[in-house]
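Work through these exercises on charged side chains. Keep the sequence and the 3D view open.

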Amino acid sequence: MRRKLSSDIRMHVAYTQTSTKARPLKALREQKRRVVVCGLIALAAWNNGAGREWRAVSINKAINTQEVAVKEKHARTCILGTHHEKGAHTFWAAVNRLPLSSNAVLCWKFCHVFHKLLRDGHPNVIKDSMRNKADLTDMSRMWGHLSEGYGKLCSIYLKLLITKMEFHIKNPRFPGNLQMSNRQLDEAGENDVNNFFQLTVEMFDYLECELNLFLGVFSSLDMSRSVSVTAAGQCRLAPLIQVILDCSHLYDYTVKLLFKLHSCLPADTLQGHRDRFQEQFKKLKSLFYRSSNLQYFKRLIQIPQLPENPPNFLRASALSEHISPVVVIPAESSSPESEHVVETDDLVDTDVPVLPAPLETKFDDLFGTSAAIDPFNFNSQNGMRKDDKDRLIEQLTREIQALKEELESFRLESGRLCQALRGRVNELEAELAEQSHLRLQAVGESEFLKAELDDVRRVREDTEKEQRSLTEIERKAQANEQRYTKLKEKYTELVQSHADLLRKNAEVTRQMTVARAAQDEVEAVRKEMQEKVKAAQEAADRQEREQLEQLQQLQRELVSSRAELDSLKTSMASSQQASSEVLGTQLAALESEKAELVQSLSKVEAELSARGEELERVQSSLVTERESRVKTAETLQNQLNEKESREQALESQLAVARWASLQGAVEEAEKIIQDSLAQIDDPAHISCTSSADYLASRCQASLDCMERLNSTRVAFLADNTGVSELVRAVTQSGHLVGDTIVQGSATSHMVPVEQADALSESVKVCGAEALALLGQMKQQDGLAAADSGKLKAALEAVLATAEKLRPRGLELQQGELGDLVEQEMAATSAAVESAAARIEEMLNKSRAVDTGIKMEVNERILASCTELMQAIKELILSSKDLQRDIVESGRGAASMKEFYAKNSRWTEGLISASKAVGWGATVMVDAADLVVQGKGKFEELMVCSHEIAASTAQLVAASKVKADKDSTKLHRLQQASRGVTQATAAVVASTKSGKSQIEETDTMDFSSMTLTQIKRQEMDAQVLVLELEMRLQKERERLGELRKKHYELAGVAEGWGEDEEGTG
């Protein structure tokens, strides 16, 4: 084509030269201008027609199935083509014909070429490519199912290209090659911190996709060998050049934007940005380092090295230390396969295309060198010889004639080829129709296989769910076992501490007894000494009084004698005056009497002196004896004081020991209550449950213990010797209040949400009041002021709540239980027999009425239901035999009714289980009837099957309670239970299979619907999905409440609360 264009141009130039003889200069210039314009128009036509075909060929050469790197000359041709046509229409027209979904290498090379077009192609490439975003997304999802090879890499690369297109559509200021100045980067955020924040997040996502491709390519290569020198290795490594170019710009812009954000926002707000940048910095640095060591990249690109540490965004001056990474691509050396390519900078968007270089050379040959400078300067041609011009004109005329003949033959040949191509097109259309028919058949087969795959997946999901539920049950059981072990260890520690406290109390009591005995002995010795001292004092006083009396009597006698002597002297003087004679005689008599009296007086004085000496001797001995007795009394008093001081020390030690034992008991009680409060918020405690009856009994026991605690506290304040009773009361109250808190929390798991919150709050208040009371009892001055009234009020509130939660069910007379068991078992057998008969009747009706798939589905479902009824019947017979064996082995001399009445709770459990089995069989038959008639739901039948399985499990558990584990009838019952489980699974499986077969017949046909109708139905479907999701959430909540209530009623009927109370 190029040769024909050159020939036409040469013909016009020759014609112009031949006419220079007769035409003036101005006309010649006009003629040359027309020749140039004609050449330009011809080149433009070539670009629009044959050039498009030439670009399509280049695209097919660039994107092929060979595992080699894309050649740069083909990629450059594709890039130039987008600039010529100002878009990517030709590119996508050629790509859409390629089997990208069936060949991973072809898809990988397409991604590489497409990445180059997005970077270096015309700006309209991104807009034109957005129309194919959905196809690229589906292709990425399809290749993502492969876990190795090019399939996984294609999925990652397609995600990167989609992210790149979305980024440039959201941010049109960014060119495809991401080259921007700092001013343009600021303008991209429109001076708004919110825009900069969002732009940073989008760049993080963009860079994350780039790094994922980087890591995916490196992980798919065997780096122990020189893979970069092999064709396959270069095929995988070649796209990383574009990735490196993108990553360098994204890293630079991210650093600048983060510094800008840190100057406007607080550091805590950008913590997430910094963490994400740190992670991407480490990955990018490692990947740049690994890439720079590969031989393949060393001759194609110069990869920059990032700094050792990431920038410190908290320091604004660190921005000046940041160096933008620059990727350098060395100039390419010429190779044999390289072609002359116009640079991208020369691709100017003009209406008239630029002449290629060979045409310019031919113009220089024709018009001379001056024509290349001034195409309308003909001065140099005017000097040519006319003979040369004539020969040139004749030669050109001959060439024109030959070209005309060649053109005519070319037209004939092109017509023939067109006819052949039309025939080929018709053949291809017929083949396409056949392929479409085969594709439809394959689609049908794939749908059938998808349905089977969905069934397998559902079965696998059910298995996984059951496995997860089993794992969860095992985990809960392990958690409960660990909790039980911890509680047992805690209880052992408390028992040990209680025993230690009792031993300490006994030791203190013994010491007090010994001290009291010593005190009594000291008191007896003191009393004896006091009595002896008192007797000695009394004897000494009595002897002293006697001696004083004797001395006073002698003194009185002496005074009387002197008085008589004085009277005699007086009488003698008077008598001398009366009569001397008489006086003489009397005087003689008186003298003699005086002599006698003097003699007697001397005797008396001698005796008095002797008595005085004796008195002095007695007094000295008495003083000596008194001193010795005083010393003895002082010694005894010192001993008594020492005894009293020892007794006071022992009494103080005893008081300290009493208070220490009381403090230890109070602290242990506090730990028990704190541990109970901690269990309320323990996740492992959520699975623990209790009954309101047991909670009420614990509350009542706690209230009684509070009364005893109050009385012992008052007694201890009156007499602190009774500390053992107070310690015992404190310890018991701690245990009971803690048990009340734990049982209250466990009971709250079985009641509605409002009542559960109220009960939880009540037990928490009870725990807080108990801790407050124990805190007062820990202080000596607060023991007397400790008030248990608030704790009693809290316990009474918990008791009132427990009373409200007690179920008010009807109770049977114990005498009626035996008859009721037989009646319920007989009724259950009758219900199962009736259900089996109805199923057989429905099966006969279905065979007479239904045909095709419906008859097959109904027969399969009803057959599985019949097998289930037979299994239930066998289970009931086995249960009857086992119960009869249990009654015969356990009743002794009592009757069967008396045995049932004695074991009323077990009997009520049997009655409840029998009722559940009979009711489930009846409901399942009704559901199966509706399903066969086409009025029911398959889900109802599956739920009824699960309910029957649960009811039979309950019946087996109730029967196993009192059975001997080695009983043959028990093994028979267990075998029948496994048969019921297998039959239930068969019912569920047949129901699911029938449902899938019925749903397959209802195909969706949207071929006759318009776009508006499809959009309308799509909106209606979305509304319906939202309504169903909301309804599903409400029904799940309702199911949870129903299960709680069922568990509560079942606990009342079967005595779970009393069992827990007995074990507690």
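Predicted model: local features only at pLDDT ≥ 70, side-chain atom pairs only at ≥ 80, totals over all residues.

**Exercise 1.** Which residue forms a salt bridge with D246, and how far apart are the closest N and O atoms?

Solution. Residues are numbered from 1 along each chain as its sequence is written, and side-chain values use heavy atoms, leaving out hydrogens and water.

- Step 1. Recall the term: a salt bridge is a side-chain nitrogen of Lys or Arg within 4 Å of a carboxyl oxygen of Asp or Glu.
- Step 2. The partner of D246 is R119, with the closest N and O atoms 2.5 Å apart.
- Step 3. Helices are DSSP runs of H or I, at least four residues, numbered from the N terminus.

**Exercise 2.** Is D246 buried or exposed?

Solution. 

- Step 1. Buried means under 20% relative accessible area, exposed over 50%, partly exposed in between (1.4 Å probe, protein chains only).
- Step 2. D246 has 0% relative accessibility, so D246 counts as buried.
- Step 3. R119, at 6%, counts as buried too.

**Exercise 3.** What separates R424 and E427 in helix 18?

Solution. 

- Step 1. Their side chains meet in a salt bridge, at 3.3 Å from N to O.
- Step 2. Both lie in helix 18 (residues 386-578), three residues apart, so about one helical turn separates them.
- Step 3. R424 is partly exposed at 44%, and E427 is partly exposed at 49%.

Conventions:
Helix = DSSP H or I, 4+ residues; strand = E, 2+ residues; numbered from the N terminus.
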